[in-house]
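Reader: I am new to protein models and would like to learn how to read one. Could you walk me through it?

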Amino acid sequence: ALTGDGSQAGVCSSNAGHALWAGIADPEKARGVRRRLMRSDLFSGWGIRTLATSEVGYSPIGYHVGTVWPHDNSLILRGFRRYGYDGASLRLFEGMVQAATDFDLYRLPELFAGFSRRDYEVPVHYPLANKPQAWAAGTIPDMLAALLGLRPDAAASRLHVVRPLLPEFLSWVDLKDLRVGRHMVDLRFVRTPSGVA
């Protein structure tokens with residue numbers, strides 16, 4: 001981020017996770033980004049805040065300065081998977097699924113307050129958040145697709161499955177009528193002693 005005079009903003013925010021999603025970080029820097037994003041001042045226990053609690057401008061109810069945006073976390077999870085950070089990917093998914101259980105019909109809102117899970121038993125609702133919100137509604141399915149390693153190639157009517165993962169609370173997942181190009185496929189992912197089949 002840049003300040004009004006064009007100099008670099010010296011704040012710790014979720015935006016660095018987008019560099020992992022885009023694949024533009026070299027592996028050493030990506031490792032540092034993952035470690036930093038998963039520290040407790042950014043990771044609330046449900047998701048990664050837009051701004052670290054250690055920053056002067058942090059507000060757990062500030063629209064872009066400390067709240068948790070589900071779709072932002074989906075991009076970050078995809079970045080973690082790209083660089084092989086499976087443990088962080090699973091923690092992020094599990095936190096977001098747990099957050100969804102505390103919203104009406106499990107529908108994640110546009111954003112929720114950045115208060116810590118250690119301090120509150122449920123995510124604190126942001127009163128003016130759009131509910132439902134299209135990009136938030138896609139968060140859990142997108143995160144799950146990333147964990148399952150689904151990489152569609154519609155032009156070639158192919159679906160690649162790369163290093164599938166399942167969180168501890170899921171033993172299996174069925175996907176029905178998944179369309180890839182002109183074809184459809186049903187898939188079952190099952191936890192086995194050696195991983196996910």
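This is a predicted model: local features need pLDDT of at least 70, side-chain atom pairs count only at pLDDT 80 or more; totals for chains, interfaces and linings use all residues.

Reader: Let's start with helices. How do the axes of α4 and α6 cross?

Author: Two packed helices are described by the angle between their axes and the distance between the axes. Helices here are DSSP runs of H or I with at least four residues, strands are runs of E with at least two, and both are numbered from the N terminus. Axes are lines fitted to C-alpha atoms, for helices over the stretch in contact, and angles run from 0 to 180 degrees between N-to-C directions. In this model, the axes of α4 (residues 86–100) and α6 (residues 139–147) come within 11 Å and cross at roughly 155°. That makes α4 roughly antiparallel to α6 (under 35 degrees is roughly parallel, over 145 roughly antiparallel, 65 to 115 roughly perpendicular, and the rest oblique).

Reader: Which residues of α4 and α6 meet?

Author: Contact means heavy atoms within 4.5 Å. From α4, Ser89, Leu90, Leu92, Phe93, Met96 and Val97 meet Thr139, Ile140, Met143, Leu144 and Leu147 of α6. The residues of this contact divide into nine nonpolar, two polar and no charged (Ala, Val, Leu, Ile, Met, Phe, Trp, Tyr, Cys and Pro count as nonpolar, Asp, Glu, Lys and Arg as charged, and the others, Gly among them, as polar).

Reader: Next, the sheet. What is the order of its three strands?

Author: Strands of a sheet pair through backbone hydrogen bonds, either parallel or antiparallel. Two strands count as paired if DSSP finds at least two bridges between them. Here the open sheet has the order β3-β4-β5, with antiparallel pairing. β3 and β5 (195–196) stand at the edges, each with a single partner strand, so one side of each has no neighbour in the sheet. Seven bridges join β3 (residues 172–180) to β4 (residues 183–192), and Leu175 has Leu187 in β4 as its bridge partner. Two bridges join β4 to β5, where Thr192 has Gly195 as its partner.

Reader: How many residues lie between β3 and β4 in their hairpin?

Author: Two residues lie between them, and Gly181 in the turn has a positive phi of about 65°.

Reader: Is Leu105 buried or exposed?

Author: Leu105 counts as exposed, at 60% relative accessibility (buried is under 20% relative accessible area, exposed over 50%, partly exposed in between, with a 1.4 Å probe and protein chains only). Tyr106 is exposed at 58%.

Reader: And the serines: what does Ser89 touch?

Author: Not counting residues up to four places away in sequence, Ser89 touches Leu77, Phe80, Arg81 and Leu147. At 0% relative accessibility, Ser89 counts as buried.

How values were computed
Residues are numbered from 1 along each chain as its sequence is written. Side-chain values use heavy atoms; hydrogens and water are left out.
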